[in-house]
Amino acid sequence: MIHLVYKIKIRRQESQKSDSYWQEFEFDGSKNSSVATVLKELNSRTPLKDNSGTIVTPISWECSCMVRKCGACAMLINERPRLACSTFLHMLKGSTITLEPLSKFPLVRDLIVDRSNLFENLKKLNLWLESEAYMSSWTHEPRYQSARCLMCGCCLEVCPNFSANGTFAGTVAAVNAFRILNEEQESTHLNEISAEYKKKYFEGCGKSLSCHDICPIGLPVEELLVRSNAAAVWGK
């Protein structure tokens, strides 16, 4: 197995109130290593030293499943939102890899951000069932695709209309809304969801289409947005 030497540049920050700074590390390993593997290897060093030889604290980042199922390891990798567990070094150009936290969410520390706003927006859209779920074989596949959403925030990171303190819920809300809009049978609740959807998504979307090809698991985002819009806005 061929090993290559990579320079890993990481934007680090102790907290929201402190200044950010860059630290550089060297990784000598396979081009088939994932970014998550790189971070785990760096943090396994005792002590961890940067390229100047300075002993530094372990790098803070989130992971859970390591198999592209939870979305916790979303971060900016070479300035593009991706999952660290499914981004491999051979997919990236050059031998310098830059890692930064997602910029649209409040920082916790280093590469960890607080995505609470994402989940609060889903609550505000009333995305839950108050009736027995209506199941149709005609919509089984798009409902399944809707349920696969990791809620990682990558689509919100590239959206020019989304901000953590704003009222626009973004693509993640529209993708998840389709499943509930399609399954809910209680008409009052369905009307409430539709009304909130119009205010918090449909009326705020600038249709930049930047979210369509960014999903790290390849969801059919455009199809789900069209279906959600049709159900919530036009009742189809």
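Which residues in helix 6 (residues 187–202) are buried? In this model, which is predicted rather than determined by experiment, the buried residues of helix 6 are H189, I193, S194, E196, Y197, K200 and Y201. An α-helix has 3.6 residues a turn, so residues three or four places apart point the same way. The buried residues of helix 6 pack against helix 2 (116–124), helix 5 (171–183) and helix 7 (221–233).

**Overall layout**

The chain contains 7 helices and 7 strands, and from the N terminus on these elements follow the order β-β-α-β-β-β-β-β-α-α-α-α-α-α. Along the principal axes, the C-alpha atoms occupy a box of roughly 65 × 40 × 30 Å. Of the 236 residues, 48% count as buried, and among contacts between residues at least 6 apart in sequence, 67% join residues at least 24 apart.

The chain is divided into domain 1, covering residues 4–113, and domain 2, covering residues 116–234. Their centres, taken over C-alpha atoms, are separated by 30 Å, and the contact between them draws 15 residues from domain 1 and 16 residues from domain 2. Between them the two domains bury about 1,200 Å², of which 63% lies on carbon and sulfur atoms. On the side of domain 1, P81, K104 and F105 lose the most area to domain 2, and together they account for 49% of what that side buries.

As for polar interactions across this interface, the count is 0 salt bridges, whereas 5 residue pairs are in polar contact, with both residues of each pair at pLDDT 80 or more. The elements that give two or more residues to the side of domain 1 that touches domain 2 are strand 3 (74–77) and strand 4 (80–83), and strand 4 supplies the largest share of that side, with 4 residues.

**L150 and its surroundings**

L150 lies in the loop between helix 3 (140–147) and helix 4 (154–157), and with a relative accessible area of 13% L150 is buried. Leaving aside neighbours within four places in sequence, L150 is in contact with R68, K69, C70, G71, L83 and I217. The C-alpha atoms of L150 and R68 are separated by 8.4 Å, although the two residues are 82 apart along the chain.

A disulfide is a covalent bond between the sulfur atoms of two cysteines. In this model the count comes to 0 disulfides. C70, one of the contacts of L150, is in no disulfide, and the nearest cysteine sulfur, that of C65, is 3.6 Å away.

Conventions:
Residues numbered from 1 in each chain as written. Predicted model: local features only at pLDDT ≥ 70, side-chain atom pairs only at ≥ 80, totals over all residues. Heavy atoms only, no water. Disulfide = S-S within 2.5 Å. Buried < 20%, exposed > 50% of the residue type's maximum accessible area, 1.4 Å probe, protein only. Contact = heavy atoms within 4.5 Å. Domains from an automatic or database assignment. Buried area = accessible area lost by both parts, 1.4 Å probe. Salt bridge = Lys/Arg side-chain N within 4 Å of Asp/Glu carboxyl O. Polar contact = N/O pair within 3.5 Å; in protein donor to acceptor, adjacent residues only side chain to side chain.
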